[in-house]
Amino acid sequence: MRNWRFGLQFRLALGFAVILALSTGAVALFTGYVAERRVSQVQSEQDRVRANRIFVALAEFYDSNTGWPGVQSFVDRASFQSEREIVVRDANENVIADSRNRHFRHDDRSQRTFSDHDSDAHHPPLPPTLFTRIDSGGAPVGSALVLSRKHGKPIPVIPLDQTTAGLEQVEPSLSRLAGAVRKSLILAGIGAGAVGILLVLLLSRRALRSVGNLTAAARSLGAGDLSSRAKVTGNDEIAELGQAFNSMADALEDSERQRHAMVSDVAHELRTPLANIQGHVEAMQDGLLEPDATALGTIHQQALYLNRLVEDLRLLSATEARELRLELEPTSVADIIERVTDSFRPRAEAVSVVLDTATDARLPLLRLDRLRIEQAVGNLVDNAIRHTPPGGTVTLSAFRHSGRVRVQVADTGGGVPADALPHVFDRLYRVDPSRDRATGGTGLGLTIARQLVEVHGGTIWVESEEGSGSRFGFDLPVSPN
Ligand code: ADP
């Protein structure tokens, strides 16, 4: 049985799931990355705009106070509002205010410089190059540094613009972020689509190779090469189709072989009686044989045999091709037994065989083609009489058996050898060819009987033991389809 894990359906489902997961993952990752980068860009731009505002405010503070007194509390306030740390140096590069020391200066409103302060050791030294100049009236009056925090670490912020024009600058709009996300979504979509196409191509390649294989095999079979077979690999639905195709090709090849065998068997069957007729006629023509009643009788008998053979072949070919038209009507099996017995009684008496019947009177009527079933029973009785020695008995019976109606012909003849038993229903099969032909057997009687029974939905069977008689029979369904 096919393992579901190797099925095409499972592989396709898995493939699509992988593609879906990959594309969703790719879109999520890529978009997340782009959005994060954009957000941090926007943040740093905002930082720089804010830093610029602080610088402008410091310059204004200096102007309005004509110096730096009180700058520490100004810086503390500005730092609190902007959530940034601010360090201010005077023109001599001395730190005069540092928002990071805010809590130490809570009550201290004096103008101590940063260098006086004991907290100097807590902060790593700030490189002077990071400080940006503050001008008043065109002259430098000091410098300052704004620190932002990123991942808990202080980051120096370079102000965007030192002029007041910077103040007017609008903070970077978030609409640019939406645009970037949209663009990244499209790019990720295209990327995931390309990967998806690649995956589908890879997944379908093996399946398509098997289909191509099958197509080639079908073409060559169609062109008449009955030995053509599909190469079956794997365990999926296409492999199953390949196996079905190969069984069909086996059956075709087998039937072609049977057709050949049939033609040669039939030719062989025709040759013997024809050779007999030809021999007799030529002997008469040569004056070697008198055209008396015996010679003419032999020729007539051979002609009759040929006639029967041809008729049997015609009937067999019609039943095998399902061309036989059945005239089904409610029929009494007991009647059939009686009619067959009556027609064979003279023949049985001629060879001193007793013909007996045992029929269940309560059998239901069956929908049958009476003549066809009569022929099937007739073939069995004909065989039984031919194979029963004088003094023997042939018994025809009909009775209920396992929900069906059984018709049985039992004889007290020589029986069928065990090795021949499986073949007795085969076409042109004879246990003893010369003896059976001599008694008028065509080797088709049982084959025809089987076909006639099977077209009625029945099954034919045989039970026999060499030396102790045979029982041939068939079972018919009570209500055939
Ligand atoms: P035929 O018409 O030559 O008898 P059949 O198809 O009817 O061919 O039978 C096939 C073979 O089965 C025959 O060769 C015959 O030997 C054997 N056979 C059929 N019926 C009996 C029987 N009742 N007893 C013994 N052998 C039988």
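**Ground rules.** I am working with a predicted model, in which local features need pLDDT of at least 70 and side-chain atom pairs count only at pLDDT 80 or more, while totals for chains, interfaces and linings use all residues. Residues are numbered from 1 along each chain as its sequence is written, and side-chain values use heavy atoms, with hydrogens and water left out.

**Sheet.** I looked up the strands (DSSP runs of E, at least two residues, numbered from the N terminus, as are helices, which are runs of H or I of at least four residues) and found five of them in an open, mixed sheet ordered β7-β9-β10-β12-β11. Pairing here requires that DSSP finds at least two bridges between two strands. Because β7 (354-359) and β11 (459-464) each have a single partner strand, they stand at the edges, and one side of each is left without a neighbour in the sheet. I then followed β9 (residues 393-401) and β10 (residues 404-411), which pair in the antiparallel sense over eight bridges; L396 has V409 in β10 as its bridge partner.

**Helix across the sheet.** I noted that helix α7 (residues 333-350) lies across β7, β9 and β10, and runs at about 175° to β7. Such angles run from 0 to 180 degrees between N-to-C directions, with axes as lines fitted to C-alpha atoms, for helices over the stretch in contact, and contact means heavy atoms within 4.5 Å.

**Cores.** I checked the nonpolar cores, meaning sets of buried Ala, Val, Leu, Ile, Met, Phe, Trp, Tyr and Cys residues joined through side-chain atoms within 4.5 Å, where buried is under 20% relative accessible area, exposed over 50% and partly exposed in between, with a 1.4 Å probe and protein chains only. The largest has 49 residues, and V333, V377, V381, L396 and F474 have the most contacts inside it. Helix α8 (residues 370-386) gives the largest share of this core, seven residues. Beyond its neighbours within four places in sequence, V333 contacts residues including L363, A398 and V407.

**Ligand.** I found 20 residues surrounding the ligand, the closest being N383, D411, V431, D436 and G443. A backbone N or O atom of V431 is 2.8 Å from a ligand oxygen atom, and a polar side-chain atom of S470 is 3.4 Å from a ligand nitrogen atom. I count a residue as surrounding if one of its heavy atoms lies within 4 Å.

**Loop residues.** T66, although not a glycine, has a positive phi of about 40°; T66 sits in the loop between α1 (8-65) and α2 (71-82) and is exposed, with a relative accessible area of 71%.

Conventions. Polar contact = N/O pair within 3.5 Å; in protein donor to acceptor, adjacent residues only side chain to side chain.
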